[in-house]
Amino acid sequence: MDLNFRLQVGGEQLIIAISQDYKSSEVLMVAYMNKEALMKTIDTGKAHYWSTSRNKLWLKGESSGHTQEVQEILTDCDEDAVLLKVKQNGGACHEGYYSCFFRKIQEDSGNLELVKEKVFEPENVYGDK
């Protein structure tokens, strides 16, 4: 894989990975991938990412069942980011929303406003933390 894994976090060489609903084009989430995550994504057709907080590879939906079926993978002009066009099964956000982008910054006050509805309750999927 000849992409530019230029971002380094915790010793891992990473690229930015943006997932987008392949039908609506709604941006679902932003994460990171190392080479292994990208290759597993290509090989399986299921989105895999590198968790910078847990310092490990993870399959999207491994604990929630809310998987991402990859339809297409694109890269940007610098080849340091990928765009995954996916079929999202369930919500992409661990807080219970279809997309991680469920809050809007108000222009007049800078306050955050919820602009989306939850599609699941996190405690029902992940249990109490």
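The model is predicted, so local features need pLDDT of at least 70 and side-chain atom pairs count only at pLDDT 80 or more, while totals for chains, interfaces and linings use all residues. Residues are numbered from 1 along each chain as its sequence is written, and side-chain values use heavy atoms, with hydrogens and water left out.

I begin with the aromatic rings. Searching the whole structure gives three aromatic pairs, a pair being rings of Phe, Tyr or Trp (its six-membered ring) with centres within 6.5 Å; planes under 30 degrees apart count as stacked, over 60 as edge-to-face and the rest as tilted. One of them is stacked, because the ring centres of Tyr97 and Phe102 lie 3.7 Å apart with their planes at 5°. Tyr97 and Phe102 are both buried, that is, under 20% relative accessible area with a 1.4 Å probe and protein chains only, where exposed means over 50% and partly exposed lies in between. Phe120 and Tyr126 form an edge-to-face pair, because their centres are 6.3 Å apart and their planes at 65°. Phe120 is buried at 11%, whereas Tyr126, at 25%, is partly exposed.

I turn now to helix α1, residues 35-44. Helices are DSSP runs (H or I, at least four residues) and strands likewise (E, at least two), numbered from the N terminus. Which residues of α1 are buried? They are Ala37, Leu38 and Thr41. After α1 comes Gly45, with a positive phi near 80°.
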